[in-house]
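I opened my notebook to look up how charged side chains pair and where nonpolar ones gather. The entries follow the order of my searches.

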Amino acid sequence: MTDAHFDWRWFAHRGGGDAAPENTLAAFETGLKAGFRAFECDVKLSADGVLWLLHDDTLDRTTDARGLAAPWRWASLQMVDAGGWHSARFKGEPPPSLDEVLDFAARHDAWLNLEIKPNPDQDARTGDAVARRVAQWVADHPQAPRPLLSSFSLAALQAARTTLDDLNVELPLAYLVEVYEPQALTQALALRAEGLHTDWPQVTPEVIAAVHGKGLKLRAYTVNAAEAAKSLLADGLDGLFTDRLDLPARL
């Protein structure tokens, strides 16, 4: 699928939606084969400072390990199975580092939405680390789409904004909220964010107009029904995240 035909409003949620184990390289490859070129994933820090992909605070749901993720060092995490929980054909798939995902983006000219997902009490540290690494990657890959940094953590985004300003690097930021309210829009503006992301049932034509009226983009998660996606896009939604890799073709 070429740039001319790809609809950049569609993001494969956690790399490959329901079709592959979330936040793995296998997920990104699955999303790519399905025709996606925009991908969302979750980024946090290992105990020894490596940025890697995991959604939860614990390893229990999506790996064969147990307990909090924060104490794990990267070498140990590489021995964890992050694919077998999904299906047998992905058994043995390791969790990827952010660097591996950035390499994927460079190879395939992909657009990444990197959700900063800090371990408990690591908000500012993680926001700073993600911003620094991505700023360096952008400098090394000036022709690649600039990753979009988002988070539910206002502290993480504030740290990312401070770091980007210090480095004099422009990267788009988006504030993630579960419930849309005018204060969220105010906070996004204070971050000089490019956009606001919210749960899709929160999105109405009035909300879209309010966000657009302030010059921001509005994207919604996680849209898995064709009728909802069609309606939201018709109303002017700027982007959506989906677990259904077949959904764009169904509209």
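**Entry 1: salt bridges.** I first wrote down the term: a salt bridge is a side-chain nitrogen of Lys or Arg within 4 Å of a carboxyl oxygen of Asp or Glu. The model I am reading is a predicted one. I searched the whole structure and got 16 salt bridges.

I looked up Glu22 and Arg14, whose side chains form a salt bridge at 3.1 Å, N to O. Are these two residues buried or exposed? Both Glu22 and Arg14 are buried.

**Entry 2: a pair between loops.** I turned to Arg73 and Asp48, a salt bridge with its closest N and O atoms 4.0 Å apart. Arg73 sits in the loop between β3 (51-53) and α2 (74-77), and Asp48 in the loop between β2 (38-45) and β3, so this pair ties together parts 25 residues apart in sequence. I noted Asp48 as partly exposed, at 34% relative accessible area.

**Entry 3: a pair inside a helix.** Asp165 and Arg161 also form a salt bridge, at 3.4 Å from N to O. Both are in helix α5 (residues 154-167); because they are four residues apart there, about one helical turn separates them. I checked the accessible areas as well: Asp165 is partly exposed at 35%, whereas Arg161 is buried at 7%.

**Entry 4: His55.** Where is His55? I found His55 in the loop between β3 and α2. Its side chain makes a polar contact with the side chain of Asp56 at 2.6 Å, and another with the side chain of Lys117 at 3.4 Å. Setting aside neighbours within four places in sequence, I listed the contacts of His55, among them Arg14, Glu22, Asp42 and Arg61.

Entry 5: In soluble globular proteins, nonpolar side chains tend to be buried together. I looked for such groups here, and the largest nonpolar core has 60 residues. Helix α4 (residues 123-140) gives the largest share of this core, seven residues. Which residues have the most contacts inside the core? They are Leu149 and Leu196.

Beyond its neighbours within four places in sequence, Leu196 is in contact with residues including Tyr175, Val177, Tyr180, Val211 and Leu218. Last, I noted a second, separate core of nine residues, which includes Phe11, Trp111, Ala174 and Phe241.

Key
Residues numbered from 1 in each chain as written. Predicted model: local features only at pLDDT ≥ 70, side-chain atom pairs only at ≥ 80, totals over all residues. Heavy atoms only, no water. Buried < 20%, exposed > 50% of the residue type's maximum accessible area, 1.4 Å probe, protein only. Helix = DSSP H or I, 4+ residues; strand = E, 2+ residues; numbered from the N terminus. Core = buried A, V, L, I, M, F, W, Y, C linked by side-chain atoms within 4.5 Å. Contact = heavy atoms within 4.5 Å. Polar contact = N/O pair within 3.5 Å; in protein donor to acceptor, adjacent residues only side chain to side chain.
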